[in-house]
Amino acid sequence: MPRPASKTTLRRRLLAAFFASLVTMVTLADARSADNQISTSAPLGRLVSVGDHRLHIYCTGTGSPTVVLEAGMGANHLDWIRTQPSISEATQVCSYDRAGYGWSDPGPIPRTASQIAMELRTLLRNAEVKGPIILVGHSFGGLLSLYYARHFPHQVAGLVLIDSMHPDQFKRFREVGIDIPVEPGQGMIRSSRERLTFGIPDTYKDLAFHLARKTSTRSFMFDELRNVQKSIEQLEETAQLRPLRTEVITHGRREWDRLYSDGRMENLWTQLQADLARRIGARRLVVAHRSGHQIPLEDPALVDRMVRSVIADTRRPSD
């Protein structure tokens, strides 16, 4: 009879499940199958050259400023499929796939904040997307958006961070005994179709499933993961954020209490989000009370309201 798993083992399994909710986990065999299945499909947007590779960008709506959506690690433009249509009623909004994700070609490695920001800047220029822009970043995409706003300050009019990675996140987690995997293979699991398409409308579930299982998705997600500390260091080396209109949104459903029943993980996450709001000059920390981490898919109406608030403020004449 198998020996019951220890509390430590169970917690590690749960942490692996938690981490899989932040990034896409697939096997290589699944990925190769997915490559074949989507080869004849057509992207929603268009492929634009950024040098030696192309990135997929999908823009809807008209007006200024342009909202640019930056997805989390392992994610692509479909993570914004419930958010982009409503925002496009107010202004132009563009989602895109980072190199290796979605419909985009593989690009140079390592995949760091600096490399990704340079590619996004080139993409917007070559796609003739006019500034100023409002950056909206989810999870790892929040860290990338913050880097872009600090590195290219004159292009950015506003910033919305959604359950964003905090620069001190891994350090603070370690201090309270929370062990989040940062290396591929450490606690990684194979994700189900349900997990990979969580929150995606039924119309797009097949496509989302296939895109998430591509060989390049797996490879480039792991490269971003391997280099996340380097991305944090690059952020810390940039100039401080200049004053601009900002919002910070965090999840309110305490889904991570199942990992640490004493609440340490959820409580620390909330503290980090409040600190992030304070650092970037946000008016408040906005809580998505009904949502877990995947806020753009679970509470798109709240994201829409916060983005529209930033749009309205950037359109007001300065005093």
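**Asp 304.** I started at Asp 304 and found it in helix H13, which covers residues 300–315. I am working from a predicted model. I then listed its contacts, leaving out residues up to four places away in sequence: Asp 304 touches Ser 86 and Ile 87.

**Confidence.** I checked the pLDDT next. The protein averages 88, and 83% of the residues score at least 70. Residues 1–5 have a pLDDT below 50, and I noted two contacts for this stretch beyond near neighbours in sequence. Residues 9–14 are also below 50. For residues 9–14 I noted six contacts in the model, again beyond near neighbours in sequence.

**Helix H11.** I compared the length of H11, residues 264–280, with what its residue count predicts. At 1.5 Å a residue, its 17 residues should span 24 Å. The end C-alpha atoms are 24 Å apart, so the two values agree. I also went through H11 for burial and found Met 265, Glu 266, Leu 268, Trp 269 and Leu 272 buried. Gln 273, Asp 275, Leu 276, Ala 277 and Ile 280 are buried in H11 as well. Just after the helix, I noted that Gly 281 takes a positive phi of about 80°.

**Leu 244.** I placed Leu 244 in the loop between helix H10 (228–237) and strand E7 (245–251). Its relative accessible area is 16%, and the limit for buried is under 20%, so I logged Leu 244 as buried. Which residues does Leu 244 touch, not counting those up to four places away in sequence? I found Val 156, Ala 157, Gly 158 and Leu 159. For Leu 244 and Leu 159, I recorded a separation of 85 residues in sequence and 7.5 Å in space, C-alpha to C-alpha.

**Disulfide.** How many disulfides does the structure hold? I found one. Cys 59 and Cys 94 form it, with their sulfur atoms 2.1 Å apart. Cys 59 lies in strand E2 (residues 54–60) and Cys 94 in strand E4 (residues 93–96), so the pair ties together parts that are 35 residues apart in sequence. Cys 59, at 30% relative accessibility, counts as partly exposed, whereas Cys 94, at 1%, counts as buried.

Technical notes
Residues numbered from 1 in each chain as written. Predicted model: local features only at pLDDT ≥ 70, side-chain atom pairs only at ≥ 80, totals over all residues. Heavy atoms only, no water. pLDDT = per-residue confidence, 0-100. Contact = heavy atoms within 4.5 Å. Helix = DSSP H or I, 4+ residues; strand = E, 2+ residues; numbered from the N terminus. Expected span 1.5 Å × (residues − 1). Buried < 20%, exposed > 50% of the residue type's maximum accessible area, 1.4 Å probe, protein only. Disulfide = S-S within 2.5 Å.
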